[in-house]
Each structure stands twice: as C-alpha cells, then as structure tokens.
Amino acid sequence: MIRSVVQGCGSYLPERLVTNDELAKTMDTSDEWIQQRTGIKQRHIAADGEFTSHLAIKAAERALAHAGISGADLDLIVLATATPDETFPATATVVQKALGMTKGAAFDLQAVCAGFVYGVSVADSMIKNGLAGTALVIGAETFSRILDWNDRGTCVLFGDGAGAIVLKGEQGNGTSADRGILANALHSDGRQHDILYVDGGPSSTRTTGFLRMEGKEVFKHAVVNMAAVVGEVLAKAGLEAKDIDWLVPHQANKRIIDSTGRKLGLPPEKVVVTVDRHANTSAASIPLALDAAVKDGRIKKGDLALLEGIGGGLAWGASLIRW
Ligand code: ACO
C-alpha cells in the first residue's frame, strides 16, 4: 500500500508585525477585547509589493531544504489560497517557476481556511493513484488585502503568512503504525455561504471585494463540525482520541481550538497553538503551526498528528498523519 509520507516542512511570515495595541491606535478596539474573544496578540502583515506567491516561495524553499530535495524533484504543487496573486493563472505556477520545477502539474485550490487539509487530501489521493510521486502542499495567504479595515469585527482577526509540507509516495504495510497520511475527511455545505464570504469576484463584481463574516454563526458551526470531523477521521483510521500525540488545528480562535481539544479529551500541552502570534492566516495557519511544532522539537518522527480546519463555504475537513 502506498502512503504519502511527510519528508519536510517549512514556513514564512512577513517581517512586519502588528500588535493589537498598534491596531487600537487607528480603530475603536483594544488588546483586551481581541485577546479575550480570540486569543490573538499580534499578526504579520505583508509589505507593499509582497504577494502571496512571494510568501509561498519562501515557505516552499524552506520545506524543500528540510526535506533535502530540490524543486526539480517535485511533480506536483497544490497551493491552497483564497488570495491568489492574479485571477489567473494559478499562483502555484508562479511558485513552480521560481522553484525550478519543469515537470508535473501545479494548481491552486480554493477552500479558504480548510484549504490546507483539502490540499493534503488531494495530493494524497494523487500520490496513491500514481498521478504524482513527490508533492508540495502549500497554504499561503495575504488576507490583509481582502480585509475591510473599517470593520473592526473582522480586520483584527487575520494575518498573512505561508507554510508548506513535502509528501512522497512510499510503500507502507497498510496499518495505522505506518508513517504517512492515514486518513482524510472533507465536507462542505453551500447553504452556509452568507455567514462567511468575500463580497466581490471577477465574475460577479469585477472587484476583489472584502471579507464579510457573521462571527457568532461561524463560531457555532465551527465547534460542532470540528468535533464531528475529528471523530470521523479517527474512525476511518481505526484510531481513538487517546492515540493522538498532537492536535494541529486551524488557528482562527483560541476558544474554538480549546473546545475541540476538550472534546477529544486532550491536555492543552498536546494542542499546537499559534493563533496568539499569527492570528488567522486562513489556509496557511495549519502548516505554520505544524512547522512551529516540528522545528521546536515537539512533533517527532512517528508521532500521530491530527490536522483540522473550517472556513468559508462552509468547507471543513481533517487529516490524520503519522509524522
Ligand atoms: N474591538 C472591540 N469591540 C468589538 C470589536 C473589536 N475589534 N469587534 C466587534 N466589537 C464589538 C461589537 O460591535 C459588539 O458590540 P455591541 O455589543 O455594542 O454591539 C461586541 O463587540 C460583541 O460583538 P460580537 O461580534 O457579538 O462578538 P463575539 O463575542 O461573537 O466575538 C468573534 C466575535 C471573535 C469574531 C467570534 O464570533 C469568532 O471568533 N467567531 C469565529 C470566527 C472564525 O472562526 N472564523 C474562522 C473562519 S475564517 C475563514 O474561513 C476565512
């Protein structure tokens, strides 16, 4: 049985750091309100002229170096983003060129904050079906460009960044002791469009638009759907919550993260949290959190990591990876 095994990971954050106190200088908000509601203390914001592709390329280069391979070894790039450089072509092809990858396929995938687990799942399927051998899955976003900076209810919640992992098809035994991706679960519910969307687009308004969110509604769906999908992916792999070494959730809100951790019965030290430092970086949040926990020595070879995320669509999913 072919397993998609993680070879390495990397991430990149723009240099400019914006604290809650700095935001409070230009809008009616406070560090206390933001931290209490979300756990966010600061976020990184891309510089003028710094695009999603630039962040993605830096994260990709670090992931390739960590894996000990070069761009020429890749035959697939899946770039999860809701903030591409251009309407077309895919930002993934800009990354492909920069990495010196000349074979295979590179495309963007749009599932907003669930984009990284969607990307992992798609790359895993392609590897298992023989469509790719070595894949780079990237989550990269410049959400600062689609925020309405006059809407304090949304603009304080997000940040920019990128993260990536390299996957390679390797022979496994077909047991849950195998290294690699053990199971994935994906869902969407288009009926929930109006609670989280961007009010623009090339076909509808010919503008980019701004993010609109009914935070309380998203919160309710997130708590219920995350609990369900983590149970689903564990059942698929024949594993239980007690087997999880690390929960690596989408970093939208500390309260949603805590709720999922509690439902799984996991102690807080097994839950990777970066929302305080990065805010919500949409598709980039999970690989940024993964990379932080791998590089500081928490996630080790053989550990079981559960990734989960939810975003606009609504779209949500989970992946179970033996690192
Ligand atoms: N600073 C100070 N006050 C604020 C701010 C702010 N930045 N924003 C809103 N307020 C005020 C509101 O105006 C309101 O005031 P009022 O009571 O006088 O009307 C009050 O604070 C409460 O506002 P709510 O929106 O009801 O606050 P809530 O407790 O629901 O918290 C939040 C809002 C943090 C957005 C929360 O609902 C949440 O985290 N939701 C989930 C968001 C999420 O997970 N998104 C993930 C997906 S993102 C993606 O896919 C792109």
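## The sheet

Proline 249 is positioned opposite glutamate 308 in S12. The model is predicted: local features need pLDDT of at least 70, side-chain atom pairs count only at pLDDT 80 or more, and totals for chains, interfaces and linings use all residues. Residues are numbered from 1 along each chain as its sequence is written, and side-chain values use heavy atoms, leaving out hydrogens and water.

S11 and strand S12 (residues 304-311) are paired in the parallel sense over 4 bridges; pairing requires at least two DSSP bridges between two strands. Both belong to an open sheet of 4 strands with mixed pairing, in the order S8-S13-S12-S11. Its edge strands, S8 (180-188) and S11 (246-249), each pair on one side only. Strands are DSSP runs (E, at least two residues), as are helices (H or I, at least four), numbered from the N terminus.

## Helices across the sheet

H8 lies across S11 and S12 and runs at about 150° to S11. Helix H10 (residues 285-295) also lies across S11 and S12, at about 145° to S11. Angles run from 0 to 180 degrees between N-to-C directions of axes fitted to C-alpha atoms, for helices over the stretch in contact; contact means heavy atoms within 4.5 Å.

## The H7 and H8 pair

The axes of helix H7 (residues 215-237) and helix H8 (residues 254-264) come within 10 Å, crossing at roughly 35°. Residues making the contact include Phe219, Met226 and Leu234 of H7 and Arg255, Ile256 and Lys263 of H8.
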